[in-house]
Amino acid sequence: MPRFLILVLDGLRPDFVRPEIMPNLCALKKRGSVVTGSRAQFPTHTRVNKVSFATGSTPHHHGVHFNKFYDPRISSERFIDIGLFEEVHGAEHRAPILTAPALGEVLAAAGKRFVLVHCGMPGAPWLLNYRGDRLGHQHISMSGYQFSTAEAAIAVETAMGPLPAAGGINLERSRFALRAFTDVLYPRFAPDVALIWSDEPDKSLHDDGLFGPKSQAAIKAADDLVGNAMEWWERTGQKDGVELIVLSDHGHAQRARQIDVKSAIRDSGLPVATDSAEPGRAVILPFGGLYLRDRNPALLERIALWLQEQEWCGPMFSDDLDGITGVLPGTFSKALVSIDHPRAPDLVFTTQREDGPEGKGICVDTGGGGGVWGSTHGGLHWSELRTVMVAAGPGFREGYESGVPGGMIDIVPTLLDRLGIQRPGSMAGRPLRDIYGDGGDQEDAAPAAETLSVSNGAYRQHLTLRRLARRNIVETGWRE
Ligand SMILES: [Zn+2]
């Protein structure tokens, strides 16, 4: 049986993978298969893609649309921030955060073991390794041993000592994460599936933009990490049948300017709250989710119209009308991009992007600073949607470029297929058999791209996508 090591380089755009800056990843591409049609799950936020990876599915099944969400079953007053450890654990007592089974549950039922080392917020590893502490799986959160499963924390702390600083730009964190896996967790737990999630180059890109020196150093460091993973793989992993997969979860668009959505909403005079949910008011998540606290369709329509009048507002989605358009004039259906779910915002909006290689876009100002030099993601520009997917090892074709459309949600179905484990019905992703060494029938091999348009007066938006049997893959989206 194969084993898998998956390395995620957060925010790495495929066009960054060039020999002069990423020689190791370029070498791995030659040794394995590259899925050139790999796309992020929309909305192109990290935690959405983490959960989409873990469940092999879309927000339609798992119910996570942003890094935070509003669910009156958990709290009618405020958003739940799934990056925070206390929030994840507090919420779990009231209602499940994920409404689809995750990788760990499926592996445990088949007697397999999962190990994770995670760089990023302390709540997120508890979603990637959902309920894993009760299933015999292990994880290290690089935010602190106290956010890790007990056995892994003791083993790594005993062998390697304190963790590097948890916050800020810190390239040592990812190196430590890899060594924790190769030197401690792999020999001790012999996982069937292992995941290392590096928070770079994402963090540096947010801070320094696509071309800044800090970002370039982070991309180079990400490639060094791939080189170190390949060294371990050649020395140890390959003997044990480990296959190596390198992914990114989303891309980045250069930040052109910032918009303070909270202030704009406040100044509009609309009955919308931005922090807490007050009766009679809608509540907005500035990143692009608007939830009605009380069912009031007239209010929702007023807000949608106001958003459409704002030049910074990009594509918008509301409840399904006919499979393409949403119930609100000029919006697309949430079902079209697989984000319809009882917990979905009533209205999902993005900020505007320009076409062009940088995908220049308007970033939501959340008061965290960052200036205009950084880059951003969460929207529908192709530069945010295109992702890296490279798979190498005896089970995958060598030196092969696959044009099959795929994404984050196809990885777990692919691994389960290779391990001979049946997939739960909620997994809308499908195995990428096109890249298997022994070939295989590829489901949804070549759906053509189509462009759809909807409008409401001067507001006109477009979406280019490919229709697959169980979800659509978005190529790009924009407004006029
Ligand atoms: Zn990010």
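The paragraphs below go through a predicted model, from its domains to single helices, residues and a sheet.

The domain assignment divides the protein into domain 1, made of residues 3-252 and 382-435, and domain 2, residues 255-372. Taken over C-alpha atoms, the centres of domain 1 and domain 2 are separated by 28 Å. Where the two meet, 24 residues of domain 1 are in contact with 21 residues of domain 2. On the side of domain 1 that touches domain 2, at least two residues each come from helix H3 (59-62), strand S3 (68-69), helix H9 (202-208) and helix H13 (382-385). H13 gives the largest share of that side, 3 residues. By kind, the residues on this side of domain 1 are 10 nonpolar, 8 polar and 6 charged.

The next topic is a pair of helices. Helix H8 (residues 172-189) packs with helix H10 (residues 213-237) at an angle of about 10°, and their axes are 10 Å apart. Angles under 35 degrees count as roughly parallel, and H8 and H10 are therefore roughly parallel to each other. From H8 the contact takes in Ser174, Arg175, Leu178 and Thr182, and from H10 it takes in Leu225, Asn228, Ala229 and Trp232. The residues of this contact of H8 with H10 comprise 4 nonpolar, 3 polar and 1 charged.

Helix H14 is mostly covered, with 9 of its 11 residues buried. The buried residues of H14 are Met408, Ile409, Asp410, Ile411, Val412, Pro413, Thr414, Leu415 and Leu416. What do the buried residues of H14 pack against? Their partners are strand S1 (3-9), helix H2 (46-55), helix H5 (103-109), strand S7 (193-198), strand S8 (242-247) and strand S19 (400-407). After H14 comes glycine 420, whose phi is positive, near 70°.

Aspartate 410 lies in H14, which spans residues 408-418. Aspartate 410 counts as buried because it has 30 C-beta neighbours inside 10 Å, and the cut-off for a buried residue is 20 or more. Leaving aside neighbours within four places in sequence, aspartate 410 is in contact with Gly429, Arg430 and Leu432. Glutamine 138 is 272 residues from aspartate 410 in sequence, and their C-alpha atoms are 23 Å apart in space.

Serine 143 is placed in a loop, between strand S6 (138-141) and helix H7 (150-160). Is serine 143 buried or exposed? Serine 143 has 22 other C-beta atoms within 10 Å, so it is buried. Not counting residues up to four places away in sequence, serine 143 touches Met121, Pro122 and Ala166. Between serine 143 and histidine 118, which are 25 residues apart along the chain, the C-alpha separation is 8.3 Å.

The last topic is a sheet. Three strands form an open sheet in the order S20-S21-S22, and the pairing is antiparallel. Strand S20 (449-456) and strand S22 (472-479) are at the edges; each has a single partner strand, so one side of each has no neighbour in the sheet. From one strand to the next the twist averages 20°. Strand S21 (residues 459-467) runs antiparallel to S22, and 7 bridges join the two. Within this sheet, leucine 465 stands opposite valine 474 of S22.

Key: Residues numbered from 1 in each chain as written. Predicted model: local features only at pLDDT ≥ 70, side-chain atom pairs only at ≥ 80, totals over all residues. Helix = DSSP H or I, 4+ residues; strand = E, 2+ residues; numbered from the N terminus. Buried ≥ 20, exposed ≤ 12 C-beta atoms within 10 Å, placed from the backbone. Contact = placed C-beta atoms within 7 Å. Pairing = 2+ DSSP bridges. Axes fitted to C-alpha atoms, helices over the stretch in contact; angles between N-to-C directions. Domains from an automatic or database assignment. Nonpolar A, V, L, I, M, F, W, Y, C, P; charged D, E, K, R; others polar. Parallel < 35°, antiparallel > 145°, perpendicular 65-115°, else oblique.
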